[in-house]
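Me: Hi! Could you walk me through this one while I have it open?

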Amino acid sequence: MRPKALPGRDPDYADLVRRYGEDDDFRTTVQRVASGLGLVVLHAGAAAGLVLAATEGSVFEIRMDEYARRTALANRQADRVLHGIAHLAVAALAFPRPDDLGDDSYVGRVSVELVDGAVREACRVLGERAEGPEDPESDAPQLEEVWRVWQRRPEATATKDGRVGESTTRGIVAKALRFLSDQGFLVPVGTEGAYRTTPRYQVQVRELAAQRAFDELLSLGVLPAAGAEPSLVGEPVVEESDV
């Protein structure tokens with residue numbers, strides 16, 4: 001229930017994770033208790049610890065209204081959808097190849113600049129399709145509803161104290177990355193706005209990869225940016241069901 005707790009830093013936690021893997025009765029008990037709390041055990045291992053997800057309707061489920069409250073997001077439908085796209089793009093860029101999700105040693109790296117640039121490239125592709133004979137709505141119906149909104153939103157506008165405006169696309173991406181860091185999914189590294197993934201996040205993205213919106217984002221063929229080799233060297237953990 002502590003998102004940043006790790007077995008490697010807590011011998012008692014490590015022992016419980018070991019018992020979960022070796023003791024069938026103990027594992028069944030843990031799963032039943034989790035189920036009673038509206039949680040599902042996605043994974044248990046020495047690196048990630050016990051990774052949980054909330055079932056629909058669980059008191060632990062983080063819905064969009066809760067996410068908006070935690071991130072001081074204006075309760076506007078356009079901003080909600082833009083934050084959802086930001087989260088999808090972070091996941092797609094953190095693990096751009098199927099093998100990355102299956103390799104427990106893989107560590108992805110993302111940044112505000114990388115994510116915003118990739119989404120803007122996706123918007124450009126959808127814009128070209130909208131002007132041509134190809135119907136973008138048939139290829140990516142959910143993205144077609146929001147790409148124009150993202151494209152119209154300024155990339156970065158400085159506030160009076162020099163910070164990036166929170167309603168800009170880079171501000172939206174920065175909020176998403178900070179939220180994931182608070183949940184134990186990402187860890188800040190190097191320059192401001194850059195993060196590396198954790199094994200806990202890798203498990204969560206494996207679940208996300210089965211969702212239709214994630215497939216639509218990848219089907220655009222612009223995530224990650226084409227050309228170079230990948231620049232990427234896996235409170236309770238819950239699904240952000242409406243994000």
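**Strands, helices and salt bridges**

Reply: Happy to: strands β1 (residues 39-45) and β2 run antiparallel and are joined by 6 bridges. Strands count as paired if DSSP finds at least two bridges between them. This is a predicted model, where local features need pLDDT of at least 70, side-chain atom pairs count only at pLDDT 80 or more, and totals for chains, interfaces and linings use all residues. Residues are numbered from 1 along each chain as its sequence is written, and side-chain values use heavy atoms, with hydrogens and water left out.

Me: What do β1 and β2 form, and how many residues are between them?

Reply: They form a hairpin, with 3 residues between the two strands.

Me: Which residue in β2 does V41 stand opposite? And H43?

Reply: V41 is opposite L52, and H43 is opposite V51.

Me: Why is β2 largely enclosed by the rest of the structure?

Reply: Because 5 of the 6 residues in β2 (residues 49-54) are buried. Here buried means under 20% relative accessible area, exposed means over 50%, and partly exposed is in between (1.4 Å probe, protein chains only).

Me: Zooming out, how many helices and strands does the protein have?

Reply: There are 12 helices and 5 strands. Both are DSSP runs numbered from the N terminus: helices are H or I with at least four residues, strands are E with at least two.

Me: And what share of the residues is buried?

Reply: Buried residues account for 46% of the 243 in the protein. Its accessible surface is about 12700 Å², and 49% of that belongs to carbon and sulfur atoms. Those areas come from the Shrake-Rupley method with a 1.4 Å probe, and for residues only the protein chains shown count as cover.

Me: Switching to α6, how far does that helix reach?

Reply: Helix α6 (residues 112-131) has 20 residues and reaches 29 Å from first C-alpha to last, close to the 28 Å expected at 1.5 Å a residue. The expected span is 1.5 Å times one less than the number of residues.

Me: Which residues in α6 are buried?

Reply: Quite a list, including V112, V115, D116, A118, V119, C123 and R129.

Me: What does E128 form with R124?

Reply: A salt bridge, with the closest N and O atoms 2.5 Å apart. The rule is a side-chain nitrogen of Lys or Arg within 4 Å of a carboxyl oxygen of Asp or Glu. E128 and R124 both lie in α6, 4 residues apart, about one turn of the helix. An α-helix has 3.6 residues a turn, so residues three or four places apart point the same way. E128 is partly exposed at 48% relative accessibility, and R124 is partly exposed at 36%.

Me: How many salt bridges does that rule count?

Reply: The count is 10. One of them joins D15 and R18 at 2.6 Å, N to O. Both residues lie in helix α1 (residues 11-22), 3 residues apart. D15, R18 and E22 are linked in a salt-bridge network.

Me: What about D10 and R2, where do their side chains meet?

Reply: In a salt bridge of 3.8 Å, N to O. D10 counts as partly exposed at 23% relative accessibility, while R2 is exposed at 56%.
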